[in-house]
Amino acid sequence: MPNNFKDQYNENLTRIGDALDISPSKYQQAVERYTSVGNWLKTGTYKGCSVQPRIYPQGSFRLGTVVRPLAEKKESDYDIDLVCELQTNKTSTAPGTVKMMVGTRLRENDVYRKMLDDEGRRCWTLQYSEQDGVGFHLDILPSVPEEKSVIWELIDSGVPMDFADKAAIITDGNADRTVYGWSPSNPEGYARWFDQKKQPIFERIASAAKRKIFESNSELFGKIDAVPDALVKTPLQMAIQILKRHRDIACSGRDWNIRPISMIITTISALLYNNEPDVYSTLKNIIEKLDAHSSLFSPGYPLHESLTPLHLIQRDTEGIWHISNPVNPKENFADKWHENDNQKARAFFQWVLQVRKDLIDILDMADSSRILGALSRSLGEGIVRKAMPEVFATGPTILVGSGTVKRPPTVEIKNPGKPWGKPIE
Amino acid sequence: MNKEQLELIQGHYNDLARRYPGLLLREEPDGLWSVKGLLEFNATFDGVELGDRFKIELYLSSDYPDSPPIALEVGSRIPKDFHKIQGEMLCLETPMGVRMKYAKNKSLLGFVTDLLIPYLYSFVYLNKFGHMPYGEFSHGDEGICESYREYFGINNRISVLGLLRVLVDSKYRKYRGRSPCPCGSGKRFQNCHANKVIQLKALQCHDVLLSEYEAVLRYALTKGQRIPKHCLSEVLRDELQRGREAVGRASPPSRS
């Protein structure tokens, strides 16, 4: 396979990744929104707290793996997670109280009161509708810092101090919000762990990337330095965005409960990332290693010896699947995979196979006129069109190398019928 | 739509996209499916090769692949008076003509190769050379009548009507092979037009057949022809009667 072919494909994937990402202006808008909410929360008074709460984003916003919502579907808003960490401790304040205090503070503000959605299990949700039609859901997660003893346990179990010391626990309500517990989460630790995975590549590409963003968005940023780090995307982040989007489309309309969750996609991708400098190599490595783990379905749950030290996906003697949170080993993201005859596990590996077909093996076919069509099917026509508008303006044949235009197959018309029409009334 | 149908649609679409990658499958808001995009084709007829690209949309019906899709050209290249219905839908052939051709290959690729491309080819050919490459039918009822005269190989409208009547009423009475052919040739039906009639019956689209029978009947009437009794369909008579009764129930009797 000629080199420029692969380069072309990488270029296409990168452009698609760009199109999937949140735009710099929308990102700024999101930051403004959650900063205002944060400021309001910070200036509240909370029983048992002598200092202001710590407010910080978590999830895809914090990690830089936001995927533009599928506009055709109902969920066409961006989802932002904001942790509101009250500075008290879990022994002196019940989780239900923590949840209520944050909710009360939000309601004290007339504007936010009107935007509040029904109480979520772990959050309070503010709905923002925006003029451009694409709004936000801001999920505010009331939490408290983790106990010191638990933090030491984490460190003992191998989690670096940097990732363990800011662990937080999030209030977690049951289905009808009558009982509240704590959900050990450590979102800040996870974000730091993730940052570390992408740091070497980030440092290499940051200044060129920021310059490019600054040049196309000069009205947004006063100078290059003002471009936030969060807008610089490494191949790891792009690969995660593409995988999430593929999952969104491949699993749309199917049972929401068995679709691969973003946390697993993100964690596994970051664990496997080897500082590959481009999206295609990153994806290829991730998908091939994941595919190899399907041996775990066989009796005895065998795994190739090269994969075991990765501690990616494991199965214990009882057949329970394990994907551990790297900053909270007791949290198992795959704890329900074994249920219903390994239904979620099978759904996951079927999806992996589909990704392999749609995004990796497709390159071996050396027929680039098919690649655009295939990418549109697996990642969405809208996004591909947006990423490569010049291709759709003149026809799909443009993708092929330089010079040669591929002609469609010639149809030999035999026994044609005659066109007929109805006169316009 | 059930799972098998969806898988079938996906499979048919994959076959289509292999040849015509500019076309994309999408789900419509009402749960039905469509294929939209750029159709870039090359075709030859009688030694003349032409190629072009059109922006098209195909809409699959809920019983796909049994019924053929509907085709639209959305690049505003084909004018309203070139063989369209209501200015929008492309009339690739007469309704029964489409069904007959489609029956040989009930798939998206079959539809595009055997019906859509020949239609688009003739449009391109007309613009280039000033005449249609393989003819065309007149618009409306007249065109339907022409298409049956061609199909049955007879010139007489009443003969066509007689044959269509047998088809349309075959629900009521089976027409015996040894009876004289309704076309009036004097030969036995089984030695005359029985095969042609059976081929149409096999397509199992009675509604379409009935409406085309009506078209030929209407056209014959506008030409002032007297319609013999054996050409009058009982099925149509019953439907008209039901229609009259429905109208009668709906509106109160008028005072005169």
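Student: Which residues form the positive surface patch in this predicted model?
Tutor: Lys and Arg count as positive. Members of a patch need over 30% relative accessible area and no salt bridge. The positive surface patch is made of B:Lys174, B:Arg176, B:Arg178, B:Arg188 and B:Lys201.

Student: Is B:Lys174 buried or exposed?
Tutor: B:Lys174 sits in the loop between α5 (157-168) and α6 (194-202) of chain B. Its relative accessibility is 73%. The cut-off for exposed is over 50%. So B:Lys174 counts as exposed.

Student: How many helices and strands are there in chain B?
Tutor: From the N terminus on, the elements run α-β-β-β-β-β-β-α-α-α-α-α-α-α. That gives chain B eight helices and six strands.

Student: Which element gives the most to the largest nonpolar core?
Tutor: The largest nonpolar core has 49 residues, and A:Ile313, A:Trp337 and A:Phe348 touch the most other members. Helices of chain A that each supply at least two residues include α1 (3-20), α9 (235-250) and α12 (339-360). With eight residues, the top contributor is α12(A).

Student: Is A:Lys198 buried or exposed?
Tutor: A:Lys198 forms a salt bridge with A:Asp195, at 3.5 Å between the closest N and O atoms. Both lie in helix α8 of chain A, three residues apart, about one turn of the helix. The relative accessible area of A:Lys198 is 9%. Buried means under 20%, so A:Lys198 is buried.

Student: Which residues do salt bridges with shared partners join into one network?
Tutor: The network joins A:Arg62, A:Asp165, A:Glu188, A:Arg192, A:Asp195 and A:Lys198.

Student: What parts does the salt bridge of A:Arg122 and A:Asp172 tie together?
Tutor: Their side chains meet at 3.7 Å, N to O. A:Arg122 is partly exposed at 36% relative accessible area, and A:Asp172 is partly exposed at 22%.

Notes
Residues numbered from 1 in each chain as written. Chains lettered and ligands numbered in written order. Predicted model: local features only at pLDDT ≥ 70, side-chain atom pairs only at ≥ 80, totals over all residues. Heavy atoms only, no water. Patch = residues over 30% accessible without salt bridge, like charges linked within 9 Å, V, L, I, M, F, W, Y side chains within 5 Å. Areas by Shrake-Rupley, 256 points an atom, 1.4 Å probe, with all protein chains shown as cover. Salt bridge = Lys/Arg side-chain N within 4 Å of Asp/Glu carboxyl O. Charge placed at Lys NZ, Arg CZ, Asp CG, Glu CD. Helix = DSSP H or I, 4+ residues; strand = E, 2+ residues; numbered from the N terminus. Buried < 20%, exposed > 50% of the residue type's maximum accessible area, 1.4 Å probe, protein only. Core = buried A, V, L, I, M, F, W, Y, C linked by side-chain atoms within 4.5 Å.
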